[in-house]
Amino acid sequence: MRPEAALLGIYLILFIFDLVAGERQRKIFHPIACVLMVALCFMVTSNMSSFTLFGGMYESNAMIVVMKAILTFGSMLVVMQAKKWLHDENTFNKQGEFYVLMLSTLVGMFFMLSARHFLLLFLGIELASLPLACLVAFDKFRHNSAEAGIKYILTSLFSSAIMLYGISFLYGTTGTLYFTDMVAGINGSPIQIFALVMFFAGLGFKISLVPFHLWTADSYEGAPTSVTAYMSVISKGAAVFTLFIVLTKVFAPMMPQWQTIIYIAAIASITLANLMAIKQTVLKRFMAFSSISQAGYIILAVIGGQADGMTAMVYYLIVYMMANMAVFTIIETIEWETRGVVERNTFNGLYSTNPKLTLIMTLALFSLAGIPPFAGFFSKFFVFMSAFGAGFHILVFIALVNTVVSLYYYLLIVKAMYMKENEQPVASIKCNTYTRISLSICVIGILLLGICSFVYTGIDKLSF
């Protein structure tokens with residue numbers, strides 16, 4: 001359990017440093033956290049072997065380790081992005097709380113990925129959810145941050161109760177909570193279908209799927225921008241991977257039933273979120289509905305329940321992380337420059353004063369929209385290929401039509417940056433070193449993944 005052990009070790013280091021550090025030492029708190037997060041990325045990948053522990057409750061293999069590394073790398077980007085916010089006078093002395101809460105959620109996500117027992121899975125979900133509610137309400141002196149935290153924790157409470165209710169029915173009908181043992185007792189009875197719906201509803205909240213999405217826009221808008229980025233990528237990625245594992249390992253005999261549920265949820269999430277995103281003017285609410293739409297695309301990889309679907313899903317999460325982190329980093333940078341809510345009109349004429357930020361924002365938005373040759377095009381292509389290969393042709397067609405809609409609202413921001421005039425555009429911004437490194441990593445990821453995908457599809461003739 002090197003990933004969990006290393007993560008807990010870093011957790012203790014930062015916790016103790018927060019206890020003993022004085023005012024002068026706190027100035028190096030952020031660099032220490034960044035170095036430790038980089039070290040954690042390497043330690044997580046130090047053991048790629050397959051094994052089980054605790055009688056089969058915990059499992060690790062190469063794919064799980066890769067997924068943990070992706071979540072760790074994304075968390076590192078969030079920490080780097082948060083430098084300006086954490087050094088603000090209202091949060092400077094609360095840096096330790098931020099790191100401890102974030103690492104607590106990451107521990108929970110690690111257990112979610114490796115859980116092969118519903119008790120460990122539920123504990124992991126709760127450990128990933130409760131500290132996240134504290135992070136959402138971290139800016140306690142801002143009314144909308146407290147409101148966002150209340151909405152998140154209440155919705156999380158009900159979703160956890162619904163999930164636990166479904167798990168209790170599974171235990172009652174199968175007599176076990178182990179994934180490997182439970183599958184033998186799954187027969188598709190009405191009570192097990194009810195349990196499946198309850199379980200899907202619980203994880204649907206974490207993934208922000210329609211109709212479990214109503215908390216998303218308000219929580220994204222009220223939370224600190226760094227926390228919003230963390231929720232939109234890291235939390236969502238862990239939940240989608242967990243959903244794939246449970247559906248394929250526990251509910252495999254009920255594949256027609258859960259494929260129908262995913263079919264409806266995917267169409268509803270993509271379509272409704274795209275329509276709602278067009279109406280949004282506040283950028284964080286806009287990105288909230290964008291993330292709901294992206295969640296709909298991601299679960300297209302789940303619906304086939306095949307190995308190529310898992311590969312496409314993991315690749316999609318990597319690309320989505322790079323693009324989304326770049327967008328939220330720029331939103332936070334402009335937020336601190338303007339000291340106000342970042343709306344679409346805020347980006348009017350941004351190219352005239354901040355051409356580099358404008359270019360990075362354009363690349364990230366094009367990737368999210370799925371425009372070739374950027375990585376987002378290939379991530380959508382692989383997901384569509386997975387669903388199409390599983391026989392869901394109409395679903396793929398509907399998703400393709402929705403990409404045109406998403407292209408429209410992403411281009412509204414691009415149009416504002418390049419074509420709309422602004423007598424008082426955002427002043428020229430000089431980003432700090434951590435922000436520049438974070439944005440550089442995201443841009444390299446978007447371009448490099450796109451090039452590698454192009455070479456891959458050209459050499460292998462689009463075959464998995």
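The model is predicted: local features need pLDDT of at least 70, side-chain atom pairs count only at pLDDT 80 or more, and totals for chains, interfaces and linings use all residues. Residues are numbered from 1 along each chain as its sequence is written, and side-chain values use heavy atoms, with hydrogens and water left out. Helices (H or I, at least four residues) and strands (E, at least two) are DSSP runs, numbered from the N terminus.

**Helix packing**

- Two packed helices are described by the angle between their axes and the distance between the axes.
- Axes are lines fitted to C-alpha atoms, for helices over the stretch in contact, and angles run from 0 to 180 degrees between N-to-C directions.
- Helix α3 (residues 62–81) packs on helix α11 (residues 225–249) at about 175°, with axes 9 Å apart.
- That makes α3 roughly antiparallel to α11 (angles over 145 degrees count as such; under 35 is roughly parallel, 65 to 115 roughly perpendicular, the rest oblique).
- Contact means heavy atoms within 4.5 Å; on α3 the contributors include Met63, Met67 and Leu71, and on α11 they include Tyr230, Ile234 and Phe241.
- This contact has ten nonpolar, six polar and no charged residues (Ala, Val, Leu, Ile, Met, Phe, Trp, Tyr, Cys and Pro count as nonpolar, Asp, Glu, Lys and Arg as charged, and the others, Gly among them, as polar).
- α3 also packs on helix α14 (residues 307–338), at about 5° and with axes 10 Å apart.
- α3 and α14 are therefore roughly parallel.
- The α3–α14 contact includes Ile70, Phe73 and Leu77 of α3 and Met321, Met325 and Phe328 of α14.
- Its residues divide into 15 nonpolar, three polar and one charged.

**Salt bridges**

- A salt bridge is a side-chain nitrogen of Lys or Arg within 4 Å of a carboxyl oxygen of Asp or Glu; the count is six.
- Arg116 forms one with Glu59, the closest N and O atoms being 2.8 Å apart.
- Arg116 lies in the loop between α5 (95–114) and α6 (118–136) and Glu59 in strand β2 (residues 58–60), so the pair ties together parts 57 residues apart in sequence.

**Backbone features**

- Most residues other than glycine have a negative phi, and most peptide bonds are trans.
- A cis peptide bond joins Val210 and Pro211, with omega about 10°.
- Pro211 lies in the loop between α9 (190–207) and α10 (216–222).
- Phe54 is not a glycine, yet has a positive phi of about 55°.
- Phe54 sits in the loop between β1 (51–53) and β2.

**Surface patch**

- Leu130, Ile150, Ile153, Leu154, Leu157 and Phe158 make a nonpolar surface patch of about 570 Å².
- Patch residues have over 30% relative accessible area and no salt bridge; like charges are joined within 9 Å, nonpolar side chains (Val, Leu, Ile, Met, Phe, Trp, Tyr) within 5 Å.
- Accessible areas come from the Shrake-Rupley method with a 1.4 Å probe; for residues, only the protein chains shown count as cover.
- Helix α7 (residues 143–174) gives the most, with five residues.
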